[in-house]
Amino acid sequence: MTESIPSPRRPILELPDELISQIAAGEVVERPASVVRELVDNALDAGATQITVRLLAGGVRLIAVEDDGMGILPQELPIAFKRHATSKISSLSDLESVGTMGFRGEALAAINSIADCALLSRTADQASAYVLEGRTGELRPAARAQGTTVEVKELFYSTPARRKFLKADATELAHCVEAVRRHALVRPDVGFAIWHEGRLVEQWLVGTLEQRLGDVLGQDFIAQSIPVEHRVGNIVVTGRAGIPDAARTRADQQFAYVNGRFVRDKVISHAARSAYEDVLHGQRQPVYALYVEMDPTRVDVNVHPTKIEVRFRDSREVHQAVRHAVENALAAPRSSAIAGTDEATESSQAEAASPTPFFNRSETPRPAPWPQQAMQFNASMAHRVSDFEALWPVARVQAPLATDAATEPSHQPLAVQAVEAPNSATDWPLGRALAQLQGVYILAENAQGMIVVDMHAAHERIVYERLKHQWSAADPEQSRAIASQPLLIPATFAATPAEIACAEGQVETLQRLGLEITAFSSRTLAVRAVPSALVQGDAVELARSVLAELAQHDASSVIQRAQHDILATMACHGAVRANRRLTLEEMNALLRQMEATERSDQCNHGRPTWRQVTMKELDALFLRGR
Ligand SMILES: Nc1ncnc2c1ncn2[C@@H]1O[C@H](COP(=O)(O)OP(=O)(O)OP(=O)(O)O)[C@@H](O)[C@H]1O
Ligand SMILES: [Mg+2]
């Protein structure tokens, strides 16, 4: 331990302005990208329609931001460099409803205190532009069209300690580009260009939001995301949310805006994340660009020097709005949009000069869509329709059995007659079932090619959604309950004392979960009723797993906290198991039910339930058309 030596008393002095600015700069300017962000903010506030950023050495040697905005009067140029000088607010009430990016009147002063700056500007009704040198304060006429150029040279030249923390030029450049990207994603009405060392690195032209998202984040982002549009009260949430398949290992494609300002906000990111909780696997990070518009007086932007954080008057309303917005977007099964998505990908791949898709080549006779042996469908393995009804109480297929599929040529649309087909056999988004593979996958044919479905995963989701639906349809104040069905013959099993105690202690909870489990003897439990959605499952397995879940949770809060976990467990045990043979009717019914079920593209653990293999991909596999 070092001994503390009392230091001699020192007088209290006011700091010089220059030092105050340098201290402020320490908060605002961490690296070149922070300067870029501030200058682009200013250009946007000035009403620019075109913003050009020029950089040297990752922005350390030079950052110049040019705009075609309203400009600054020559007599105001020196004021712009002053601390706490702004044209954007003039009262507390202005501060409480800020509509501009800037409002602190601090950025230019701070930047000018740690770099060599120049401000060149011309307003609409001036004959000439003027330039102000930040170091010397010299003001002189110069040449420029309407707008402003801010030049920042040798950043941190006066604070070398800061300069040492900077990374390689390439890294700083990447941060600068990221800063402009964040602006570009919310202002498709403004054109942006970034130059580094005389080379154009990025250019984004004026266009629609969708075009801008595609230009900045890539066409994949558009193809793999769903539009978000949701209004609750005075909060509007728009943008695009990535499908679960597009999730990444890093949270590097999550853009959230509040009233046009890029923010890092826990409320929004948590809300978005929770909208994915049912469909995302493990730690995967969703991608999204979300724009929250709300009454500016209900959000405080004056929280953080870099304005990247905000504080909401009522964070619950924002959380709910964002969560519902994303949930709604994700809920619709994407199989229903399969044709559209495919077109989009196709056109974006058109430049790749790929061979004409097989199904468009009219002169080529189209072979049987699937090798005949895959169609082998053993009549003895087929289930009766009554089994299917048990499997599938909701969907009803009005059709004769088609168990003699194996005796027919494979290209005959046999199974199609077995379901209520739309105009053409392959018009169903998920197609018509052809066969079951190894008791695990359903193979189906649609207009794009082949569909492969993980039967258990898909059914598990459908059952889960149905249970959730039954659960939430009930009035939360009343006792919520899942529809239950008594078993003709109770299923008994040898139970542990803990299981028996749990069954006896949680009769009501079990009942609400659609289960009736009673003691049969001192060591045996009997399952007397199960949820009607799960009648075909293994009742004993189901009872055991639910009792285990219940034992883990505190009885009083179990319904609130663990309902989804329990419903998911129930769905997992109630869903059709792998290795169960299905008839074509059952398979087709499952496909139709998937098309109609929310979130059916992912199983409860976030894995995909189906994949499309296009004819193009199959052609490529067989080198057709090369
Ligand atoms: N590109 C520009 N075009 C027109 N006026 C500008 C431009 N940049 C700065 N100004 C003027 O200079 C003033 C000071 O800019 P500065 O960035 O320091 O503060 P601010 O934007 O008002 O607030 P903040 O510190 O929050 O950014 C602005 O209020 C604005 O009037
Ligand atoms: Mg500013």
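**Close-up 1. Asn-259 in the loop between strand 11 and strand 12 (261-262) of this predicted model**. Phi of Asn-259 is near 45°. That is a positive value in a residue other than glycine. Asn-259 is partly exposed, at a relative accessible area of 28%.

**Close-up 2. Ala-57 in the loop between strand 1 and strand 2 (62-67)**. Ala-57 is not a glycine, yet its phi is positive, about 50°. Its relative accessibility is 10%, so Ala-57 counts as buried; the cut-off for buried is under 20%.

**Close-up 3. Helix 7 (residues 169-184) and its length**. Does the end-to-end distance agree or disagree with the residue count of helix 7? At 1.5 Å a residue, the 16 residues should span 22 Å. The end C-alpha atoms are 22 Å apart, so the two agree.

**Close-up 4. The buried residues of helix 7 and what covers them**. Among the buried residues are Leu-173, Val-177 and Val-180. Glu-172, Glu-178, Arg-181 and His-183 are also buried. The cover includes two helices, helix 2 (32-45) and helix 8 (209-217). It also includes strand 1 (50-56), strand 7 (191-196), strand 8 (199-204) and strand 11 (254-258).

**Close-up 5. The cysteines Cys-176 and Cys-603**. Cys-176 belongs to the buried residues of helix 7. Its relative accessible area is 1%. Cys-603 counts as buried too, at 1% relative accessibility. How many disulfides does a search of the whole structure find? It finds zero.

**Close-up 6. The largest nonpolar core, with 92 residues**. Ile-51, Val-152 and Val-322 touch the most other members. Where does this core lie? Domain 1 (17-205) and domain 2 (210-331) both give residues to it, so it lies between them. In soluble globular proteins, nonpolar side chains tend to be buried together.

**Close-up 7. Ile-51 and its contacts**. Neighbours within four places in sequence are left aside. Ile-51 is then in contact with Val-40, Ala-43, Leu-44 and Val-65, among others. Glu-66 and Asp-67 also touch Ile-51. Further contacts are Val-190, Gly-191, Phe-192 and Ala-193.

**Close-up 8. A second, separate core of 32 residues**. Its members include Leu-547, Ile-566, Leu-567 and Ala-571.

**Close-up 9. Ser-21 in helix 1 (residues 17-28)**. Is Ser-21 buried or exposed? At 7% relative accessibility, Ser-21 counts as buried. Beyond its neighbours within four places in sequence, Ser-21 is in contact with Arg-83, Ala-109, Ala-110 and Ser-113.

Methods
Residues are numbered from 1 along each chain as its sequence is written. Chains are lettered from A and ligands numbered from 1 in the order in which they are written. This is a predicted model: local features need pLDDT of at least 70, side-chain atom pairs count only at pLDDT 80 or more; totals for chains, interfaces and linings use all residues. Side-chain values use heavy atoms; hydrogens and water are left out. Helices (H or I, at least four residues) and strands (E, at least two) are DSSP runs, numbered from the N terminus. The expected span of a helix is 1.5 Å times one less than its number of residues. Buried means under 20% relative accessible area, exposed over 50%, partly exposed in between (1.4 Å probe, protein chains only). Contact means heavy atoms within 4.5 Å. A disulfide is a pair of cysteine sulfur atoms within 2.5 Å. A nonpolar core is a set of buried Ala, Val, Leu, Ile, Met, Phe, Trp, Tyr and Cys residues joined through side-chain atoms within 4.5 Å. Domain bounds come from an automatic or database domain assignment.
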